[in-house]
Amino acid sequence: MGTPHALPTRPRALRNWPRALRNWPRALLNWRSLRWKIALLVAAACCGIALTVGLLVHHSTYERSMNEGAGKAYTALDTALAPVGGSGSDALVHTPGEMPPKLVRMVRARGNAALYDESNPYQPRMWAGRRLSGGHLAAIAIDMTPDQLSRRALDRHMWKYSLAALAVIVPLSALAAELPNRRLRRVARTARRIASGDLAARTEVGGRAGDEITEISATVDSMADSLRDRLRSEQRFTADVAHELRTPLMGLVTSTELLPESEATDLVRDRVRVLRTLVEDLLEISRLDAGVERADLRPVALPDLVRSSLGRTGLDARLTVDAAPVVVETDPRRLDRILANLLGNAHRHGAAPVELTVEGTTVVVRDHGPGFPDSLLAEGPQRFRTGAAERGRGHGLGLTVASGQARVIGASLLFSNADDGGAVVTLRLPPTG
């Protein structure tokens, strides 16, 4: 039988496209995301710039229009007052009552004055007045409607193109913000994986520029390396201590067998058995942590295996088995170890009656004690932590060993509390095949 050819592996970016497409609508509708905050900031900056430029252009255009209008009005007034009058002389006004009052005051004070009159918003005029010899006044007005229409058209174009620019810039800024957002989400996913126990997770910063996100990513990777090294150091220490204790412990076990029978001898032998169990659990945990354990899977009848395991423990439990026999592919020795630890934990830290239920590929162990503490339900079993005084004394290794062995055989352990009191452990085994 030949070696199968390896299937071509798609690049990481292509493999992540389906998940990215599924997450895109949810990320797009999250108005609290950094993407929209950046887009809002860009929009506010663009609006500020557009408003400033618009006001400057409007003011500049208005001032130029006023200056040009005043020049045209003075020119028309000079032409009308010329010795040889033209057709414009008919537009001269000599009666102060027909002139704007403000213009009259300005002309009498300065001799010459120009005034923009918008009393009629649909026909603005530019007045130019002069004080003649003898104190008489003369003024003329020119139509400023074309200038007004030009300024209004310019203002409309300014706002129209500003809004058009915003309609383009804001989506582009939101899209441009997706790159740092994606990098930040990857850092967050990596941190969550590390928090869940995957110390091999890394952000894979690569050769990007040294910005703040790269610095955060490198810090997360450094934290994961530090946690991994400390955990490995702790595991090595536990394994070394267990191995160092094993040799003198074997001599101690042998010595207790040579003691004469007495009540004190029974007490010593009991304590030695407890110490031996503790050392064996530590060695087993060190092997599980090192990942060297391998399951010897084979099909077995689950009800018969559970019944045999219960008999070997010698503990009292009410067994309920589903009518349909189920065959599972598992490691009988490791499954027996898991059930023994769960039953022992229920009797040691819980209260009778202890119930053992087999239904399909699921095995449930329940007691009627105070239940599991909240810390165990949230974080899972922790070595040398029993969680609460009401659960009794112990080293917290039984459930830790059970969880490790469950991972080896591909099963899952779920810890919960019953509504009417008591701890519940659900062991789900994978089906055959």
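Colleague: What makes α5 roughly parallel to α6?

Modeller: Helix α5 (residues 145–176) and helix α6 (residues 178–195) pack at an angle of about 30°, and their axes are 5 Å apart. That angle makes α5 roughly parallel to α6, since angles under 35 degrees count as roughly parallel, over 145 as roughly antiparallel, 65 to 115 as roughly perpendicular and the rest as oblique. The axes are lines fitted to C-alpha atoms, for helices over the stretch in contact, and the angles run from 0 to 180 degrees between N-to-C directions.

Colleague: Which residues make the contact between α5 and α6?

Modeller: A174, L175 and A176 come from α5, and E178, L179 and P180 from α6. Contact means heavy atoms within 4.5 Å. By type, the contact residues are five nonpolar, no polar and one charged. Ala, Val, Leu, Ile, Met, Phe, Trp, Tyr, Cys and Pro count as nonpolar, Asp, Glu, Lys and Arg as charged, and the others, Gly among them, as polar.

Colleague: What sort of model is this, and how are residues numbered?

Modeller: It is a predicted model: local features need pLDDT of at least 70, side-chain atom pairs count only at pLDDT 80 or more, and totals for chains, interfaces and linings use all residues. Numbering starts from 1 along each chain as its sequence is written, and side-chain values use heavy atoms, with hydrogens and water left out.

Colleague: How many helices and strands does the protein chain have?

Modeller: The protein chain has 12 helices and 10 strands. Helices (H or I, at least four residues) and strands (E, at least two) are DSSP runs, numbered from the N terminus. Of its 433 residues, 34% count as buried. Among its contacts with a separation of 6 or more, 60% join residues 24 or more positions apart.

Colleague: Why is S173 called buried?

Modeller: S173 has a relative accessible area of 10%. Buried means under 20%, exposed over 50%, partly exposed in between (1.4 Å probe, protein chains only). So S173 counts as buried. S173 sits in helix α5. Beyond its neighbours within four places in sequence, S173 contacts A39 and V42.

Colleague: Is P171 buried or partly exposed?

Modeller: P171 is also placed in helix α5. Its relative accessibility is 41%, so P171 counts as partly exposed. A43 is 128 residues from P171 in sequence, yet their C-alpha atoms are 9.7 Å apart.

Colleague: Which residues does UniProt list for "transmembrane region"?

Modeller: The UniProt record, an unreviewed entry, lists residues 38–57 and 158–177. Such annotations may be inferred rather than shown by experiment; feature names are shortened, and positions follow the numbering used here. In the model, residues 38–57 are 100% helix and 0% strand, with end C-alpha atoms 28 Å apart. Residues 158–177 are 95% helix and 0% strand, and their end C-alpha atoms lie 28 Å apart.

Colleague: What kind of peptide bond joins A352 and P353?

Modeller: The bond is cis, with omega about -5°. Most peptide bonds are trans. P353 lies in the loop between α10 (332–349) and β7 (355–359).

Colleague: Why is G311 called exposed?

Modeller: G311 has a relative accessible area of 56%, so the exposed label applies. G311 lies in helix α9 (residues 302–313). G311 and A340 are 29 residues apart in sequence and 10.0 Å apart, C-alpha to C-alpha.

Colleague: Is G344 buried or exposed?

Modeller: At 12% relative accessibility, G344 counts as buried. G344 belongs to helix α10. L399 is 55 residues from G344 in sequence and 9.7 Å from it in space, C-alpha to C-alpha.

Colleague: What makes G410 count as partly exposed?

Modeller: G410 has 47% relative accessibility, so G410 counts as partly exposed. G410 is in the loop between α12 (397–408) and β9 (412–417). P430 is 20 residues from G410 along the chain, with 6.7 Å between their C-alpha atoms.
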